Amino acid sequence: MSNNMKILVVDDFSTMRRIVKGLLNELGYADITEADDGNTALPLLKNGAFDFLITDWNMPGMPGLDLLKAVRADAKLGKLPVLMLTAEAKREQIIEAAQAGVSGYVIKPFTAATLKEKIDKILASKAAA
Amino acid sequence: MSLADSLSGRYRSHVAELTGALDANDESAFRSAFERLRGQLNVEFNPELKRITADAQSALRRFREQARLEVLADQEVPDARRRLAHVVKLTEEAAHRTLDLVDQSTPLIDRMSLEAAQLLEEWGLHGSRQLAVATLWPERAYESLERAVRDAERVRRFLSQMLLAQGYQDLSGQIINAVIRLVTELEMMLGQLVVLANGDETRRMPVLKLDEMQQAASEISRGVGPQVPGAASGEALGSQDDIDALIASIAAGN
């Protein structure tokens, strides 16, 4: 599935969406959709048959953690891989994200290699499951 | 106006007593008359003074209760200054990073362009058959194309790094948005302070919903924004490795 994956990138900053999209393109992922917060992302996820979700945390409207919880609570979306890509680095936040079922957590600023490593790791563990 | 309400009615007898005591050079009578006058003044002015004092104290108490002026002055304004300084640093670093990458890319592009132009010129002058037979042109062309492939790959990597360097805008944007919220709060508090200072009870500044703002700011699930060196924050992890280790330990515990 990997390079044909349909990926949703959620971030309130359009520059960051472009950066992530550009890096994903370089990694060979071409089918990428953007959303600017959880409220716009959730309907897209419910209707869009996405394979992977990359989301920021701190966003107006619905923040990334709430989006993650909504995804995990949804019968259809529950197993969707979710990578959190965020500047939030407090210990309790990371624990909360882990307990909410985040698949991977990348701290901003990040490198292309880190993004690739986390995506590959999530996909490998999904394939092994 | 009755006699009792007029200035003359209230003070003439006191003044007469004082004048009489002075004329008689009677210090005891003068002091007694003076005390009576002071008592009269207290009776008249004390209630007004008390009311003014009570109003001022009440207004200040209200202001202190509503406003987080001390917290703002002691902590959040200095923090905001550090945050903005961090934004300056982030933008400067990103600009230098991007310019460095442009500097590194330019000679590679120049070399590709120059060599391609030379090869094309020679091709045009001599024709492919002659070049192929009589010169080292094929070897040079091959080497040039090999270099072009390597250089293009390096330029592509540099472009990718330039793309990533623009991530500063997301981090600085989050920091600036937080400072804007703080400035808005300060603006409204200063407005309230101006109202208090003017003593204009009829004017009311818009009610700032501090509780909601504070709640939103402290609610961890909404996010608190990027860590800023020197600014107040909770316990934050410094690196991706620390985060990976924490998540792995949580996963192992589940």
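**Helices, sheet and chain contact**

Student: Are H2(A) and H3(A) roughly parallel or roughly antiparallel?
Tutor: The axes of H2(A) and H3(A) come within 9 Å and cross at roughly 25°. Angles under 35 degrees count as roughly parallel, over 145 as roughly antiparallel, 65 to 115 as roughly perpendicular and the rest as oblique. So H2(A) and H3(A) are roughly parallel.

Student: What pLDDT do side-chain atom pairs need in this model?
Tutor: Each chain's residues count from 1 in the order its sequence is written, with chains lettered from A and ligands numbered from 1 as written. The model is predicted: totals for chains, interfaces and linings use all residues, local features need pLDDT of at least 70, and side-chain atom pairs count only at pLDDT 80 or more.

Student: How are helices, strands and axes defined here?
Tutor: Axes are lines fitted to C-alpha atoms, for helices over the stretch in contact, and angles run from 0 to 180 degrees between N-to-C directions. Helices (H or I, at least four residues) and strands (E, at least two) are numbered from the N terminus, and both are DSSP runs.

Student: Is the crossing of H2(A) and H3(A) left-handed or right-handed?
Tutor: A crossing is left-handed if the near helix is turned anticlockwise from the far one by less than a right angle, and right-handed if clockwise. Where H2(A) passes H3(A), the crossing is right-handed.

Student: Which residues of H2(A) make the contact with H3(A)?
Tutor: Residues are in contact when their C-beta atoms, placed from the backbone, lie within 7 Å. H3(A) brings A:Gly64, A:Asp66, A:Leu67, A:Ala70 and A:Val71. H2(A) brings A:Gly38, A:Ala41, A:Leu42 and A:Leu45.

Student: How many nonpolar residues does that contact have?
Tutor: Ala, Val, Leu, Ile, Met, Phe, Trp, Tyr, Cys and Pro count as nonpolar, Asp, Glu, Lys and Arg as charged, and the others, Gly among them, as polar. The contact of H2(A) with H3(A) has one charged residue and two polar ones. Its nonpolar residues number six.

Student: What is the strand order of the sheet in chain A?
Tutor: The sheet is open, with five strands and parallel pairing. Strands pair if DSSP finds at least two bridges between them. The order is E2-E1-E3-E4-E5.

Student: Which strands stand at the edges of the sheet?
Tutor: An edge strand here has a single partner, so one side is left without a neighbour in the sheet. In chain A the edges are E2 (31-35) and E5 (104-107).

Student: What twist separates one strand from the next?
Tutor: The twist is an average, taken from one strand to the next. Its value is 20°.

Student: Which residue of E2(A) is the bridge partner of A:Val10?
Tutor: E1 (residues 6-10) of chain A pairs with E2(A) in the parallel sense over five bridges. In E2(A), A:Val10 has as its bridge partner A:Ala35.

Student: Which residue of E5(A) stands opposite A:Thr86?
Tutor: E4(A) and E5(A) pair in the parallel sense over four bridges. Opposite A:Thr86 stands A:Ile107.

Student: Are A:Gly104, A:Tyr105, A:Val106 and A:Ile107 of E5(A) buried or exposed?
Tutor: A residue is buried if 20 or more other C-beta atoms lie within 10 Å of its own, exposed if 12 or fewer, and partly exposed in between, with C-beta atoms placed from the backbone. A:Gly104 and A:Val106 lie on one side of E5(A), and A:Tyr105 and A:Ile107 on the other. All four are buried.

Student: Which residues does A:Thr114 touch?
Tutor: A:Thr114 is in helix H5 of chain A. A:Thr114 is partly exposed, with 16 other C-beta atoms within 10 Å. Leaving out residues up to four places away in sequence, A:Thr114 touches A:Val106 and B:Gln240.

Student: How many residues does chain B bring to the contact with chain A?
Tutor: Chain A gives 30 residues to the contact. Chain B gives 27.

Student: How many helices has chain B?
Tutor: Chain B has zero strands. Of its 254 residues, 11% count as buried. Its helices number eight.

Student: Are H3(B) and H6(B) roughly parallel or roughly antiparallel?
Tutor: The axes of H3 (residues 69-126) and H6 (residues 168-198) of chain B come within 9 Å and cross at roughly 150°. So H3(B) and H6(B) are roughly antiparallel.

Definitions and conventions. Two residues are in contact if their C-beta atoms, placed from the backbone, lie within 7 Å.
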